Amino acid sequence: MRRTGEAVEPLSPTSAFPFAAVAGMQRVKEALLLLAVDPGLRGVLVASGPGTAKSLLGRAFPSLFPGERPPFVELPLGVTEDLLLGGVDLRRTLLTGRRHVAGGILARADTGILHVDGINLLDRAFICHLDGALTAGVVRLEREGFSLEFPSDFILIGTYDPEEGEMGASLVDLVGLHAREPEPLSREEHIELLSRFVAFDRDPHGFILQYAPEMALVRTRIAEARRRLPKVAVAAEDRHRLSLASLRLGVQGHRADLFAVQAARARAALMGHARLQEEDLEVAMRLVIIPRAAISQEDRLDVQPEQQSSQPAPRRANDVENVPVQPAEGSVPEALLALSRENLRKNADVRRGRSPADTTAGNRGRYVRAVARKPTAGKIAIDATLRAAAPFQMLRRPAPDGQPQPLKLAPSDLRFKQFKQKAGILIIFVVDASGSMALNRMSQAKGALIHLLQKAYLHRDKVALIAFRGESADVLLPPSRSVELATRALEILPVGGGTPLAAGLQAALDLARRDQYSQNRRKLLVLFTDGRANVAQGSGTGQIWHELRIVSAALQHERVTCLIIDTTHAVVSTGQTERLAELLGGRHFHLPRRQAGALCDMVTAMAETVRHGGA
């Protein structure tokens, strides 16, 4: 895509890097071929690391279509709502003196292909618009006194790096295929791809001609597969197997079953099969069902029943060493829920996209929309101001001789830019994995933490995971947006040994100081512990609380907001965690035996407070 001012021009498929020239990426290529055979699969989400040419494959996808190429439109991450949905056509409105409305990027992608590179980083509001267009096949435009619908039936190609955050469930559900390349390109593939890049840059036309015969064969193969597709037989047994796989993997809804059958039929047609074969079903499971899998915590507990039942229940903390503890449900008390509800109400506007940074006339952040308000020190949105003034020019500047007249603006025409600043924070989860935690509901703590990690992507927050036990603390996950890695590290975390609490807090302090945005990014420390510290970093247990006082003062100096979740029962609490919360200047709550979702709401509310400047 090339941009001129605010105009978005689709790339010419004939000038794109040839599909056949991309080295490696066999799973992604397979998914794109299936989508070319059956566009009814609606699209493909491509997950792979940097430097794997996933974006090149996405841009080369139109060249796979036999005959006339479909329109190709690219959606940039910095898109505004006007460009995405459409609005007043300024040029035609100024020329005619009457308001004309034009569709945006989603409307221009109708009957074609919409490519989004880095789709997991797209603003949540724009993801909702994508969801609506994929579901209804139209884009609804309601603003500035008009309500219109534009057709928007397109194929979606979304590429992203899973290390920067996973995709939301809605798009994964609405798009048929999800291709994930688990391994980076091999050394040989990387070298070959680089050499082809150089050759393409040196002579694009000659490079494309070099691969023209191979691309012609691919298009012929796809055309033949399209002719075979309606004749591919699907046995009832095959449908049953795919549906059963969805049920066993916890996939919700029936859309996955339908997409899986479509993918299997497309693969059979591509391979020349008259009916579905075993390998066709395997490809459908890999590209459709497995990415949607959402195995419940109860299912995970039942994976190895013999192994779990063979574990004796520990009776003393000193007897516990390297015991694997499975996650379970946890919750918070009513007082904490009240705090959560209060903070959530206070930040309701934030979750709807109206953060304090959005509603001021500041000059920092990303320009997201224009608003009408009294003149302030904010920046004037020239485009929106002209659109507001355009319909009234015939009344304000009559020109009987037909000569062009100067544009006349009124104060009511002024529109001001509204900016959105990146408000992500760093959430450092510090987990007590000592032996005493096995006696103090480590399973509930793990369950609650997993719920929290699964919600971390909502505000592009970074998460880090630290565990302390024995004589030291380990950073299991440095600051990252990969919730999947954090969850995996937490699930396999064993418990056992002593409680080096000061070491855990020191590791969190070091991590907070090393954060590359330490001067700007706010930080929230969530500590799960029973407070029974018994291992000092120095010599002698008498140093424990002296060390805790020092590291607590340092955390407060770094302006790290602390939240202590006490895993002991309130009736048997020794008061150690309350004392620790006082040192840290943080809040303290017990973790009762109820649902983990409540704790998730509470920490989310606390994160909102930290994100927007609260303590």
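Helix α12 crosses helix α13 in a right-handed sense, meaning that the near helix is turned clockwise from the far one by less than a right angle. The model is predicted, with local features needing pLDDT of at least 70 and side-chain atom pairs pLDDT 80 or more, while totals for chains, interfaces and linings use all residues. Residues are numbered from 1 along each chain as its sequence is written, and side-chain values use heavy atoms, without hydrogens or water.

Helices here are DSSP runs (H or I, at least four residues), numbered from the N terminus. α12 spans residues 255–271 and α13 residues 278–289; they pack at about 135°, with axes 8 Å apart. The axes are lines fitted to C-alpha atoms over the stretch in contact, and angles run from 0 to 180 degrees between N-to-C directions. The pair is therefore oblique, a class left over once angles under 35 degrees (roughly parallel), over 145 (roughly antiparallel) and 65 to 115 (roughly perpendicular) are taken out.

Contact means heavy atoms within 4.5 Å. On the α12 side the contact includes F259 and R267, and on the α13 side E279 and L281.

The largest nonpolar core has 61 residues, and L32, V44, F61, L64 and L177 have the most contacts inside it. Such a core joins buried Ala, Val, Leu, Ile, Met, Phe, Trp, Tyr and Cys residues through side-chain atoms within 4.5 Å; buried means under 20% relative accessible area with a 1.4 Å probe, protein chains only. α12 supplies the largest share of this core, 10 residues.

Helix α18 (residues 382–389) is mostly covered, with 6 of its 8 residues buried, among them D383 and R387.

Key:
Helices (H or I, at least four residues) and strands (E, at least two) are DSSP runs, numbered from the N terminus. Buried means under 20% relative accessible area, exposed over 50%, partly exposed in between (1.4 Å probe, protein chains only).
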